[in-house]
Amino acid sequence: MSTQPDVRKIVAAEFLGTFVLVFGGCGTAVLAGKEVGFAGVALAFGLTVLVMAYAVGHVSGGHFNPAVTLGAAAGGRIAWKDTPVYIVTQLVAGVAAGAVLLLVASGTDGFDAVASGFASNGYDDRSPLGYSLLACLVIEVLLTAIFLWVILGATDTRAPKGFAPLAIGLALTLIHLISIPVTNTSVNPARSIGVGLFAGGDAIGQLWLFIVAPVIGGLIAGFSYAFLLGSDDAAELADAMEG
């Protein structure tokens, strides 16, 4: 187990990782989405998590996502008292990434964040293919739970060492391949808030789903993992990332 965490380093790692995730993933959708398509955007999100988990995961555990933080706490991987600093940092980083992305995207004539959707998430008429509220709720809860089960499994003390970021990045790629047509894929409130705040009132009005559903999915996986698959000596995520 790790020694007492350095809060400053955790904040730096989580800010950097979350910023890169939101800017890299949403930036690909906004700036290059027509060129790379759904598959390219899915790969971009997976790559951001993979590279940043290897880069800073050994410092903070590489959460970059409030749902992951809450799921890790529910699974006994971090203390509940440590969750606020993670979540606040992730939300601030997400909004910062969205603001920088807006600045860059506005560098071309005629760009409109509201009209374009700005990689925001949505249901009903704001779903990429018009999926219903219920369908979007179910897929966001389910896929966030799957994401957390992968994270908790890949960082389990019984798992192969050093491969967790690879499994997590590939899992996020798969999740995006499944759900971009449904919700534009959240599974991460920081990602949704980070760009949604700049996408207009309709996007902001639907943010609640992309906060509530990932949190529910993360908590389901966190509380169930130990019962279903866990061991008594699960490591903290930061320890597991060290390999």
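1. Just after helix H2 (66-74), Gly-76 takes a positive phi of about 80°, and this note begins there before turning to the helices (DSSP runs of H or I with at least four residues, numbered from the N terminus). The structure is a predicted model, in which local features need pLDDT of at least 70 and side-chain atom pairs count only at pLDDT 80 or more, while totals for chains, interfaces and linings use all residues. Residues are numbered from 1 along each chain as its sequence is written, and side-chain values use heavy atoms, with hydrogens and water left out.

2. Helix H2 itself deserves a careful look, since nine of its nine residues are buried (under 20% relative accessible area, with exposed meaning over 50% and partly exposed in between, for a 1.4 Å probe and protein chains only), so H2 is largely enclosed by the rest of the structure. The buried residues run from Pro-66, Ala-67 and Val-68 through Thr-69, Leu-70 and Gly-71 to Ala-72, Ala-73 and Ala-74. At the start of H2, a side-chain oxygen of Asn-65 comes to within 2.8 Å of the backbone nitrogen of Ala-67; this is a polar contact (a pair of N or O atoms within 3.5 Å, where within protein one must be able to donate a hydrogen and the other to accept it, and residues adjacent in sequence count only if both atoms are side-chain atoms).

3. The N-terminal end of H7 is capped by Asn-188, which has a side-chain oxygen 2.9 Å from the backbone nitrogen of Ala-190.

4. The packing of helix H1 (residues 7-60) against helix H3 (residues 83-105) has an angle of about 40°, with the axes 12 Å apart (axes are lines fitted to C-alpha atoms, for helices over the stretch in contact, and angles run from 0 to 180 degrees between N-to-C directions). H1 and H3 are therefore oblique to each other (under 35 degrees counts as roughly parallel, over 145 as roughly antiparallel, 65 to 115 as roughly perpendicular and the rest as oblique). Their crossing is right-handed, that is, the near helix is turned clockwise from the far one by less than a right angle. In the contact of H1 with H3 there are 20 nonpolar residues, seven polar ones and one charged (Ala, Val, Leu, Ile, Met, Phe, Trp, Tyr, Cys and Pro count as nonpolar, Asp, Glu, Lys and Arg as charged, and the others, Gly among them, as polar).

5. How is H1 placed against H6? The two pack at an angle of about 155°, with axes 8 Å apart, and they are therefore roughly antiparallel to each other. H1 passes H6 in a right-handed crossing. By class, the contact of H1 with H6 has 17 nonpolar and four polar residues, but no charged ones.

6. Two residues of helix H6 (residues 164-183) may be examined one after the other. Leu-177 is found in this helix and is partly exposed, with a relative accessible area of 47%. Its C-alpha atom is separated by 8.6 Å from that of Val-41, which is 136 residues away along the chain, and, leaving aside neighbours within four places in sequence, Leu-177 is in contact with Ala-39 and Ala-42. Ser-179, by contrast, counts as buried at 1% relative accessibility, and its side chain reaches the backbone oxygen of Ile-175 at 2.8 Å. With neighbours within four places in sequence again left aside, Ser-179 is in contact with Ile-139, Leu-143, Asn-184 and Thr-185.

7. A further helix pair is formed by H5 (residues 133-154) and H9 (residues 207-228), whose axes come within 7 Å and cross at roughly 40°. That makes H5 oblique to H9. The crossing of H5 past H9 is right-handed, and the residues of this contact divide into 18 nonpolar, six polar and one charged.

8. Finally, is Gly-107 buried or exposed? Gly-107, in the loop between H3 and helix H4 (113-116), counts as exposed at 67% relative accessibility. From C-alpha to C-alpha, Gly-107 and Ile-211 are 30 Å apart in space and 104 residues apart in sequence.

Conventions:
Contact = heavy atoms within 4.5 Å.
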